[in-house]
Amino acid sequence: MGRAPGRGPLDQARNKLEELVGAEVRVLGGREAARGGDLLLHAAGTTYAVKWKAAGDAANVGSAVRDLASVRRGRSKYVAVLAVPFMGEIGSRICAEAKLSWLDLSGNAWIDAPKQRIRILGHPN
């Protein structure tokens, strides 16, 4: 923890995950390793396949649900996480229906991992 935020959105998502779980986050791999995600991260005993989308609207969230389908079906030991700049109500609802964890760069999150459940809502964009 305590690192300065990176420049790109995936670096920012990694830093936000680190704040949320309260542990150092290690990068394990990129798109090839993440099974539909953009980045494979490990923190506090859990491995996360993180997918970045530029918005939390219905179209982008729906696309992420499809992209992360193999992770979400349990074929993987990874927790699928959608990362967006700000997650709106509709995107949050789509994620809940798909049982997809998410975080946004504003500090909101809904993450269900085997060893951790994180629920932070209400931070403004």
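Guide: A residue is called buried when its relative accessible area is under 20% and exposed when that area is over 50%, with partly exposed in between (1.4 Å probe, protein chains only). The model is predicted, so local features need pLDDT of at least 70 and side-chain atom pairs count only at pLDDT 80 or more, while totals for chains, interfaces and linings use all residues. Residues are numbered from 1 along each chain as its sequence is written, and side-chain values use heavy atoms, with hydrogens and water left out.

Visitor: Which residues of helix 4 are buried?

Guide: In helix 4 (residues 89-98), Gly91, Cys95 and Ala98 are the buried residues. Helices (H or I, at least four residues) and strands (E, at least two) are DSSP runs, numbered from the N terminus.

Visitor: Why are the buried residues of helix 4 said to line one face?

Guide: The arc is taken from the directions that lead from the helix axis to the C-beta atoms. Seen down the axis of helix 4, the buried residues fall within an arc of 70°, so they line one face of the helix. Glu89, Ile90 and Glu97, on the other side of helix 4, are exposed. Just after helix 4, Lys99 has a positive phi of about 55°.

Visitor: What span is expected of helix 1 at 1.5 Å a residue?

Guide: The expected span is 1.5 Å times one less than the number of residues. Helix 1 (residues 9-21) has 13 residues, for which 18 Å is expected, and its first and last C-alpha atoms lie 18 Å apart. Its buried residues include Leu17, Leu20 and Val21.

Visitor: What makes strand 1 and strand 7 edge strands?

Guide: Two strands pair if DSSP finds at least two bridges between them. The open sheet has 7 strands in the order 1-2-3-4-5-6-7, with mixed pairing. Strand 1 (26-29) and strand 7 (116-120) each pair on one side only and are therefore its edge strands.

Visitor: How many bridges join strand 1 to strand 2?

Guide: There are 3 bridges between strand 1 and strand 2 (residues 39-43), and the two strands run antiparallel. Val27 has Leu41 as its bridge partner in strand 2.

Visitor: What makes a set of residues a nonpolar core?

Guide: Such a core consists of buried Ala, Val, Leu, Ile, Met, Phe, Trp, Tyr and Cys residues joined through side-chain atoms within 4.5 Å. The largest has 19 residues, and Leu17, Val21, Tyr48, Leu103 and Ile111 have the most contacts inside it. Helix 1 supplies the largest share of this core, 4 residues.
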